[in-house]
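Please keep the sequence and the 3D view at hand while reading.

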Amino acid sequence: MVRQAKAQRILTHNQIWVALDRLAARAGLSPSGLAKRAGLDPTTFNRSKRVTSDGRERWPSTESIAKALAAADSSIESFARLIDDEAGDGRSVPLLGFALAGASGAFDEAGLPSGKGWTETALPTEDSHTFALEISGDALLPAYRDGDLILVSPGAPIRKGDRVVVKTKGGEVVVATLGRRTAKALELQSFDASQAGRTMAASDVAWIARIMWARQ
């Protein structure tokens, strides 16, 4: 009898990075937080490090994976299970760097992920329309720090005092606290108390979505 050889499974760039995101999520950390705990540069696992400036895929080193596993008190066997599409804690949601959120084609008219540049990360949510943005820089201090992930729901009801993401028809993406909202205007409050609030005409808003929570 001739036995057929089993087809070898080829791991993809995205599967490895999603597994690292899931590993961080299980440890209650962001990818940046996991890198810090592992004694690595805080940006080692950031989305910006996953593709080179000329578009080539960058893979995590075996050394960085080993250090991440040790920091998360996990094993290589557990990591292999996290690579499985059905593994991990929480749903895999679309992930985009905040700096790219204003790019043309990143979202459709309803504020849902669209186009290229999106990857995935594992976050606990039951809403199939949620997506995550990775904060870069210090512009959103003290609310959000570099490397934080914010989970955004385009379909969640929004009330005064909620933190929101607003995309203007001109392509600007604003993260702020919602103040008064009328049929004609939005009042947005900066996270930095030293900065003045902003009023935006409702006609200039492409979409607004509620920030459900953040993971540091």
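The model is predicted, and the values given here are computed from it.

**Helix α1**
- Helix α1 covers residues 13-26, which amounts to 14 residues.
- From its first C-alpha to its last, α1 reaches 20 Å, close to the 20 Å expected at 1.5 Å a residue.
- The helix is mostly covered, since eleven of its 14 residues are buried.
- Among the buried residues of α1 are I16, W17, V18, L20 and L23, and also the residues H13, Q15, D21 and R22.

- In soluble globular proteins, nonpolar side chains tend to be buried together.
- The largest nonpolar core has 21 residues, of which F107, L133, Y144, I150, V165 and V175 touch the most other members.
- Strands β3, β4 (149-153), β6 (173-181) and β9 (205-215) each supply at least two residues of this core.
- Strand β9 gives the most to this core, with three residues.
- Another core lies apart from the largest one and has 20 residues, including I16, A24, A72 and L82.

**Contacts of F107**
- Leaving aside residues up to four places away in sequence, F107 touches A101, L112, P113, S114, W118, F131, L133, K167 and W207.

**Residue T125**
- T125 is located in the loop between β2 (119-123) and β3 (131-134).
- Because its relative accessible area is 13%, under the 20% cut-off, T125 counts as buried.
- T125 and G111 are 14 residues apart in sequence, and their C-alpha atoms are 18 Å apart in space.

Terms used
Residues numbered from 1 in each chain as written. Predicted model: local features only at pLDDT ≥ 70, side-chain atom pairs only at ≥ 80, totals over all residues. Heavy atoms only, no water. Helix = DSSP H or I, 4+ residues; strand = E, 2+ residues; numbered from the N terminus. Buried < 20%, exposed > 50% of the residue type's maximum accessible area, 1.4 Å probe, protein only. Expected span 1.5 Å × (residues − 1). Core = buried A, V, L, I, M, F, W, Y, C linked by side-chain atoms within 4.5 Å. Contact = heavy atoms within 4.5 Å.
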